[in-house]
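Here is a short briefing to read alongside the structure. Keep the viewer open and follow the residues as they come up.

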Amino acid sequence: MSSSPLSKKRRLSGTETKTGSHCSSSNSVRTDLSHTPANVSANPFIYVLGHEAMKRMQCSNVLISGMRGLGVEIAKNVILGGVKSVTVHDEGVAEWRDLSSQFYLREEDLGKNRAEVSQSRLAELNNYVSVTAYTGALTEDYLTKFQVVVLTNSSLEEQQHLGEFCHTTGIKLVVADTRGLFGQLFCDFGEEMAVYDTNGEQPLSAMISMVTKDNPGVITCLDEARHGFESGDYVTFTEVQGMTELNGCKPVEIKVLGPYTFSICDTTGFSDYIRGGIVSQVKMPTIIRFKSITSSMAEPEFVMTDFAKFDRPGQMHIGFQAIHAFQKKHSRLPAPWSQADGDELLTLAKELNSAQTGSAKVEQLDEALIKKMSYLAAGDLSPVNAFIGGVAAQEVMKASTGKFMPVMQWLYFDALECLFEGEEVLLTEEECRPRDCRYDGQIAVFGEKLQKTLGKQRYFLVGAGAIGCELLKNFAMIGLGTEGGEVIVTDMDTIEKSNLNRQFLFRPSDVTKMKSDTAAAAVKQMNPSIKIIAHQNRVGPETERVYDDDFFENLDGVANALDNVDARMYMDRRCVYYRKPLLESGTLGTKGNIQVVIPFLTESYSSSQDPPEKSIPICTLKNFPNAIEHTLQWARDEFEGLFKQAPENAMQYLTDPKFMERTLKLPGAQPVEVLEAVYKSVVTDCPHSWADCVAWARNHWQCQYSNNIRQLLHNFPPDQLTSSGAPFWSGPKRCPHPLEFSTSNDLHVDYVVAGANLFAQTYGLKGSTDRAGVIKILQEVKVPTFIPRSGVKIHVSDQELQNSNSSVDDSKLEELKSQLPTPEAFQFKLSPIDFEKDDDTNFHMDFIVAASNLRAENYDIPPADRHKSKLIAGKIIPAIATTTSAVVGLVCLELFKIIQGHKKLETFKNGFMNLALPFFAFSEPIAAPKHKYYEIDWTLWDRFEVKGLQPSGEEMTLRQFLDYFKNEHKLEITMLSQGVSMLYSFFMPAAKLKERLDLPMTEIVTKVSKKKLGKHVKALVFELCCNDQSDEDVEVPYVRYTIR
């Protein structure tokens, strides 16, 4: 369960970009199939940042000063990201209060230097990043070794002194700080910084239908889809016929006129436009300028984290300075919840505010807020460090790469809603004093009582991937399930190499082990007192014997860390049924979201749906691709058809006596297609040697990249016109050309080597990577000559294809049935291959890249390198450590509220962020929608509770059930169902009704569903359709019918 789709979509490939090219038809385009260095190929950041930015990042030396909870969080994320080196700095030693969030310090490390202890544990995260510890003073001379400097535990004097030095010497500076429920971030990336990509979105492209000769010229795009450009964007052109001056022109600025039109420069002097063309967005570098920390403090610019707290940043700007002043005066922080220290901090804040001359001065200090800053200043919370640490680490990457828009220049965050509801509730100094225990930093904020409650919690975590690892770390730090409670984590996946860069609890030696076991063992190291149980189960109907009524009823809540919508919706339904709070979150690259589901208060996860994902039409894939996404999807379909479905069907034919009967029942032309494939697998294509496999791959190449294209051009010649007189090959239809096979073309040989090895694997034959040997065999292969035939039907649209599928050639079917040899005649076994994108030695991606790029060459589509192909064909949803960290920090802040029993809707926060922009938005969750029957209000959390067992010990019959609703609720049931089984309806035949009325409810359920009820089932769920007394149809809740 590696990562989580941001929204409720089954995500397919990346965006539908339409691109064009000037590939020459005679020479194949060789894309680099050589393997990139391991730290790049396995790193999910590359899918988010791209190759160029990744290269810049791998030249960056980063200093992170302060190895308390926030510093180690930033260091972890930056190391996983893959910079050149990280130096962790701290002159201080580990204290009890550090353990509440510093996950790489143990109790036995107390009194040792924090940087030295953390260094060895951080170094394990990424073998390609050099990690060293430094314990001396930060001198100006020492800082010159670094491109980026991060300060997390520095005095204001040090921030200003080093900040001014960094500003004048061109070293990029990030200052990050957290105080209890408050966080602060500052960035200064110099006088001039070029940002190469401000938002991280794929450049848009569109197909052109018209260009006018005008000043300015107006471009109209095909009305397949809106162009999506904005005024001020820059674009360039390819494949324009007629007005060729536009092709490859320097990027021109556009002005949007409508969803399908925009204007460009003066085109009056250009040639006449004939047809075609692709317009593509060009990302232009943006220069941004930063002030130094001292001048920016007086005239601050804020990034809003919560628009509902519009005036908070200015207040916190003064508050953080007041905390520094207090610390300088007393050599300590304000004591937790100390009234005297709170009053003094407020006085200091007032003095600081009145001394301000610039825009930093606030009109009216929020005294209650400043006092809370004092009460919480000594606090150190893992979730706040996770959020600020995730955002700060992304800023370090922006500083290193110039990719994405930096924070300009101050960001403040608070989560005061986590405190007890009701303003009058104030904790005492006694409740929050340090106790020389690992939770001191948290007790300083919430007191000892909440700490005990946290220890007693029983939580179920579903998924131990990127989000799951972060949640477990936070659970261990906050002390969840450490005193009589427990955390149960389940994940049925094993660890893969590609997981290591974002699932930070795993190491290279853990590859192939179970995620849940490994993650549980890793967090036990962080906090030995956490009670954690690891399962390897998938959640779903098939595991309801494990996760039954007893299991759920004993839980305090559930956290999802899933990577697919179906499992999320299933867990959501379970939480609604058992009335348990659910913490839901997801990430996609730099985007993240969190949703909190609270019984009787909020809507559930399933209450809102995303629009369906756009899929690629079949005919586009088969005959008319116009983008690399189309050829990659085609190559994936090829892989599945040749190496998975064909051997699977052949094995079923050979081993399953009912296979033929099942196949003949398939709709349309499917029986012929399946039996043809089986005939090929067991008769015509069945290889006996490696040379046979090479010959098969060579002939398959001929068929796909030459013969089929020649047949298509025979049916639709390049100059073909449609019935309306327009060129057939125009707009989204690109005219293809056949390829000529050559052993001197690397891409052609790549295809044969990969295809032949995969084919050999399915038959249990030994493959080979000897290219010279393959070329030698190829010289002997006889390739039949091909002549395009007349009368071959090629479908131009999906509608045409559907209409043709209904007709079946019965004679062809009979011929195939008679030709297939009997299964008994075969002694061999075929092995289907499951696609696995992450193993660079298994030929899977080699085949996909070669198959896709050869087809792209057929259609003059620019090829994609291995990295881009893997992203699209592997349907990779990139999860990166920075976003995951920040999102999970927010999730755990909601957890504090749930555990304290917060009841107000406005206290909870659903959140969305995009670290690339940077953008943050919080909103109160949507209340559960209310429904009504008679005068009774109900929501999705309500239900009818019906006890199936009568006082007499006998179970209720259907007749009694119907009467119960008539008498007790004045509702006449018109239909009654359980799952997909209809138990009763008013239009049921009288004989069937008579038979059922006096049967017990459970007997009807087992009879209709043909399934026995398991012993673990305590209750059944019935859905009702009802009429009220005036015979009107009314919507009512479901029924929980208890049987044990």
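Let's begin with Lys665, which is exposed because its relative accessible area is 65%. Its salt-bridge partner is Glu661, with the closest N and O atoms 3.7 Å apart, and Glu661 is partly exposed at a relative accessible area of 45%. Please keep in mind that this is a predicted model.

- The structure holds 60 salt bridges.
- Asp746 pairs with Arg771, and their closest N and O atoms are 3.9 Å apart. This pair links distant parts of the chain, joining helix α24 (residues 746–762) to helix α25 (residues 771–780) across 25 residues.
- Both partners are partly exposed: Asp746 has a relative accessible area of 39%, and Arg771 has one of 31%.
- Salt bridges with shared partners tie Arg68, Asp90, Glu95, Arg97, Asp98, Arg114 and Asp380 into one network.
- Asp834 and Lys644 form another salt bridge, with 3.6 Å between the closest N and O atoms. Here, too, distant parts of the chain are linked: Asp834 sits in the loop between α27 (810–819) and α28 (844–858), Lys644 belongs to helix α20 (residues 628–655), and 190 residues separate them.
- Asp834 counts as exposed, since its relative accessibility is 54%, while Lys644 is partly exposed at 21%.

**Charged surface patches**

- A patch of positive charge on the surface brings together Arg545, Lys1012, Lys1015 and Arg1044.
- Arg1044 is found in the segment after β33 (1038–1042), and its relative accessibility of 52% makes it exposed.
- Glu972, Asp1031, Glu1032, Asp1033 and Glu1035 form a negative surface patch.

**Loop residues and their spatial partners**

- Pro528 is in the loop between α16 (515–526) and β20 (532–535), and it counts as exposed at 55% relative accessibility.
- Thr957 occupies the loop between β28 (943–947) and α31 (958–969). Thr957 is buried because its relative accessible area is 14%, and buried means under 20%.
- Thr957 and Thr1002 are 45 residues apart in sequence, with 8.7 Å from C-alpha to C-alpha.

**Domains**

- The chain is assigned domain 1 (36–196 + 291–310 + 374–451), domain 2 (205–282), domain 3 (618–874) and domain 4 (930–1042).
- Between the C-alpha centres of domain 2 and domain 4 there are 63 Å.

Methods. Residues are numbered from 1 along each chain as its sequence is written. This is a predicted model: local features need pLDDT of at least 70, side-chain atom pairs count only at pLDDT 80 or more; totals for chains, interfaces and linings use all residues. Side-chain values use heavy atoms; hydrogens and water are left out. Domain bounds come from an automatic or database domain assignment. Patches are made of residues with over 30% relative accessible area and no salt bridge: like charges are joined within 9 Å, nonpolar side chains (Val, Leu, Ile, Met, Phe, Trp, Tyr) within 5 Å. Accessible areas come from the Shrake-Rupley method with a 1.4 Å probe; for residues, only the protein chains shown count as cover. A salt bridge is a side-chain nitrogen of Lys or Arg within 4 Å of a carboxyl oxygen of Asp or Glu. Lys and Arg count as positive and Asp and Glu as negative; His and the chain ends are not counted. The place of a charge is taken as NZ of Lys, CZ of Arg, CG of Asp or CD of Glu. Helices (H or I, at least four residues) and strands (E, at least two) are DSSP runs, numbered from the N terminus. Buried means under 20% relative accessible area, exposed over 50%, partly exposed in between (1.4 Å probe, protein chains only).
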